Structure formats: structure tokens, C-alpha cells
Amino acid sequence: MSSQSSRPDLIPQTTADAAERDYFFENPPPPALEKHSGQAKEFIDFHAPAGRRVVLVTSGGTTVPLERQTVRFIDNFSAGTRGATSAEYFLEAGYAVIFLHRQFSLQPYSRHYSHATDCFLDFLHEGPDGSIVANEEYQSKMLEVLRRYNSAKKQNLLLTLPFTTINDYLFVLRSISQLMRPLGPDGLLYLAAAVSDFFVPPERMVEHKIQSTNATETQAVPEQTTKEQNEEETFDNFDSSPTVPRSKRLIVDLDPVPKFLKNLVDGWAPEGMIVSFKLETDPEILVRKAQYSLDRYQHHLVIGNLLSTRKWEVVFVAPNQSDTWIRVPRRRKKMTSSGIENMVGELGDKPLDPKDLPEGEPEMEI
Ligand code: PMT
């Protein structure tokens with residue numbers, strides 16, 4: 001605790017308050033915080049007087065830098081499909097959307113084209129008069145997407161703000177949630193980003209690129225090593241692995257990232273509607289973990305999903321309601337005597353087995 005905490009008005013009320021105070025005191029705000037908060041404020045102030053609902057959609061994965069001048073970082077798998085797709089649906093439903101996304105991850109509308117082929121130029125060809133033309137087979141869908149995108153832009157309904165690191169994300173999430181507070185239940189926080197659970201705290205982060213050799217050290221290298229020295233180099237008493245000496249390994253020591261969902265629900269946006277996501281890989285624990293999250297943080301909805309089936313099904317876990325699985329149909333091409341026909345797969349109450357999923361992407365989105 002800092003010396004400030006001897007003042008009663010600065011004593012944190014709860015462990016969550018203390019974690020918040022410590023984290024935001026010990027970690028530096030990202031350089032773009034002020035700019036992004038200013039843009040969010042302007043956007044909210046534009047829509048609030050008209051009574052339009054505003055949603056903050058978080059999307060994509062946060063990174064955990066290992067060095068201050070970052071060459072290496074730990075990443076999260078998320079492509080941003082869920083967030084970008086959901087943002088489009090929110091826009092269609094009349095929301096104004098603040099899309100807080102991992103830089104260069106999928107974005108609403110452009111997602112249909114940005115990662116769909118090796119190169120977006122594959123959708124285009126040169127017309128007879130030297131103009132650029134969309135390929136025939138993509139034209140109608142592209143026109144529809146373009147119209148929806150332009151309409152959202154024209155009405156100032158979409159604000160996109162990028163983040164990269166877990167620290168960028170937490171600072172801007174706190175700031176925007178607080179800005180949304182006056183919206184009350186007309187402010188929705190939809191937390192689909194894949195947020196790192198562990199990070200390197202600033203006091204343990206090195207400035208420069210972590211070195212894999214000591215080639216820059218000027219000590220003379222002994223021409224011959226003794227038998228004992230050789231054994232020391234090849235035997236490691238850290239985990240008794242004889243393969244690589246400990247001095248040559250990179251051992252990463254991470255602290256837990258505080259779970260700020262509690263702070264968000266209780267303090268940053270207490271009247272807002274809050275939807276969080278729960279990602280697991282083990283189907284046995286998904287619903288239990290989602291229920292635990294709902295009980296612990298007391299918000300409105302947890303949407304659970306499994307890594308392997310996340311594009312095909314999600315489970316809604318809400319207070320005083322039974323769990324609801326939402327699935328997209330599994331259409332398979334099936335050869336019958338009359339030709340190829342679409343078949344919709346059987347749907348049950350339990351999580352899908354990834355082995356039963358058809359290859360490729362679903363034809364619809366959830
Ligand atoms: O982008 P896609 O490829 O389409 O994938 C979508 C998705 C699987 C990433 C998305 O649907 C999803 O599940 N996002 C949440 C992933 C996640 O961070 O799950 P979690 O179990 O680690 O965290 C649960 C909740 O706690 C999240 O709402 C998160 O915002 C919050 N959290 C997590 C860590 C942390 N330190 N503090 C938090 O508040």
C-alpha cells in the first residue's frame with residue numbers, strides 16, 4: 001500500500017478497488033488514451049441526446065509485451081470474427097457502435113473481404129475502360145455490404161478504436177465505460193475481446209530485446225571447459241531436464257491480470273447492460289464457469305463458447321433463466337438419388353462434438 005492510503009478517503013473500499021487503484025497507478029496510460037477517450041466522448045454526446053442506444057463492442061485479442069521496446073509478445077488467438085459480426089448486427093438493430101478492437105483484426109463490413117481470400121484484389125478485375133470492377137459473382141453481395149457500411153458511416157453510427165496490448169485495452173475500457181455511465185441501461189457493454197489473464201508487470205519488464213546469447217559480453221571465452229563445467233551446462237536442477245541449461249532458457253514470469261469485470265459492473269458503468277463472454281476448451285466446465293462468472297460479477301448475461309465450436313454454437317447464461325444454446329444449422333452437401341441436397345444436422349441440448357461439424361465455415365453467423 002502506498003503512503004496515500006493512510007488518508008481515510010483514499011483507503012480502497014474493497015479488494016477490487018485496491019486492485020484497480022494499484023493497476024492504474026503502477027501501469028502507464030497508453031499514449032492514445034486521451035485521443036480515444038475524446039473521440040468516444042464526442043460520439044456518445046452526439047447520440048445520447050437523440051435517445052439512441054450505444055453499445056461498446058470489444059473485439060480481438062490483447063497482447064502481452066515481454067519487452068518495453070517490444071520485439072516479442074504473447075498473443076491471443078482471437079481473429080475478431082465475433083466482435084465484428086456482432087457490431088454489424090447491432091448497427092442493423094439501430095445501435096450506435098463503439099468498436100474497440102485489436103489493431104488489424106476483423107472489422108465490421110470489411111471483414112467480408114479482408115481475410116476471405118489471400119488478397120482482396122482477388123475480388124476485382126480491370127474493366128474494358130480501365131476502371132476497377134468487382135468480379136461478377138461477388139457484385140450483389142458487395143453492393144449490399146457497401147450500402148450498409150456507407151449508411152452507418154453517413155449517420156456517424158460506427159466509431160472504431162484500436163488497441164494492441166492488455167494495458168491499452170484496460171485503460172481505454174475503463175475510460176469508455178465511465179463515459180457511457182450517463183446512458184444508463186441505454187448503454188450496452190458487449191465484451192467479446194479475448195483478454196489476457198497474465199502479464200509482465202512494469203517493474204519486471206526489460207527495456208531492450210531479450211537476448212538469446214551473451215555475444216556482446218566482453219569476457220574471454222575459455223578455450224577448454226572442464227568436465228564439471230560441461231555437466232553444469234548440460235544439467236539443470238530447475239526441473240532436472242538434461243537438455244538445455246537454465247541459463248540459456250527464457251523463463252517468463254507473469255503476474256495475473258486483475259479481473260476488472262467486478263469494477264466495471266459495480267463502479268465504471270453500474271446502470272449499463274453488461275454482456276460478457278466466457279471461452280473454454282473443455283465442454284465439461286463451460287456452463288459452470290459461465291454461471292460462476294454471472295454469480296460473481298452480477299451482470300446481465302454471459303455468453304459461453306468453446307474454442308472448437310464457437311462459430312457453430314454459443315450458450316446464453318442469464319439470471320433466473322435456464323441455459324439456452326443457440327446454434328447455426330450444420331448444412332451438409334449430401335448425395336441422393338435426385339442429386340445434391342442440403343441437409344440440416346440434428347441439434348441437441350449438449351455441446352456439439354467438434355468431430356460432427358462439417359468442414360469449413362458456417363453459412364450463417366451467430
Ligand atoms: O474473435 P473470434 O475468433 O471470433 O473469437 C471470439 C471469442 C472466442 C474470443 C469470444 O467469443 C470470447 O469468448 N471472448 C471472451 C474470451 C475471454 O477472454 O474469455 P475469458 O474466459 O478469459 O474471460 C471471461 C470474461 O472476463 C471476458 O468477458 C473478459 O472480458 C473478462 N476478463 C478476462 C480477463 C481479465 N483479466 N479480466 C476480465 O475482465
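# Strands, burial and the ligand shell

Colleague: Strand E12 (residues 301-306) is joined to E11 by six bridges, and the two run parallel. What makes two strands count as a pair?

Modeller: Strands pair if DSSP finds at least two bridges between them. E11 and E12 have six bridges, which meets that criterion because at least two are required. Within this pairing, Phe 277 has Ile 303 of E12 as its bridge partner, and Ser 276 stands opposite Val 302 in E12. The model is predicted: local features need pLDDT of at least 70 and side-chain atom pairs count only at pLDDT 80 or more, while totals for chains, interfaces and linings use all residues. Residue numbers start from 1 along each chain as its sequence is written.

Colleague: The chain passes from E11 through helix H9 (residues 286-297) to E12. What handedness has this β-α-β crossover?

Modeller: The crossover is right-handed. The term applies if the path from the first strand over the helix to the second runs clockwise with the strands pointing away from the viewer.

Colleague: How is E8 (residues 187-191) connected to E11?

Modeller: Four bridges join E8 to E11, and the strands run parallel. In E11, Met 273 is the bridge partner of Leu 188 and Val 275 that of Tyr 190.

Colleague: Why is E8 called largely enclosed?

Modeller: A residue is buried if 20 or more other C-beta atoms lie within 10 Å of its own, exposed if 12 or fewer, and partly exposed in between, with C-beta atoms placed from the backbone. Five of the five residues of E8 are buried, so the rest of the structure largely encloses this strand. Both faces are covered, with Gly 187, Leu 189 and Leu 191 buried on one side and Leu 188 and Tyr 190 on the other. In E12, five of the six residues are buried, so that strand is largely enclosed too. E11 is mostly covered, with six of its eight residues buried.

Colleague: How do you know that the end-to-end distance of helix H6 (residues 166-180) agrees with expectation?

Modeller: The expected span is 1.5 Å times one less than the number of residues. For the 15 residues of H6 this should be 21 Å, and the end C-alpha atoms are 21 Å apart, so the two agree. Of these 15 residues, 13 are buried, so H6 is largely enclosed by the rest of the structure.

Colleague: What makes Gln 298 partly exposed?

Modeller: Gln 298 has 13 other C-beta atoms within 10 Å, so it is called partly exposed. This residue lies in the loop between H9 and E12, and its phi is also positive, at about 55°, although it is not a glycine.

Colleague: Which elements supply the shell around the ligand, and how do its residues divide?

Modeller: A residue is near a molecule if its C-beta atom, placed from the backbone, lies within 6 Å of it. Among the 21 residues around the ligand, Ser 78, Thr 81, Ser 276, Phe 277 and Leu 279 come nearest. Helix H3 (81-92) and strand E11 (273-280) each supply at least two residues of the shell, and E11 gives the largest share, four residues. The shell has eleven nonpolar, five polar and five charged residues, where Ala, Val, Leu, Ile, Met, Phe, Trp, Tyr, Cys and Pro count as nonpolar, Asp, Glu, Lys and Arg as charged, and the others, Gly among them, as polar.
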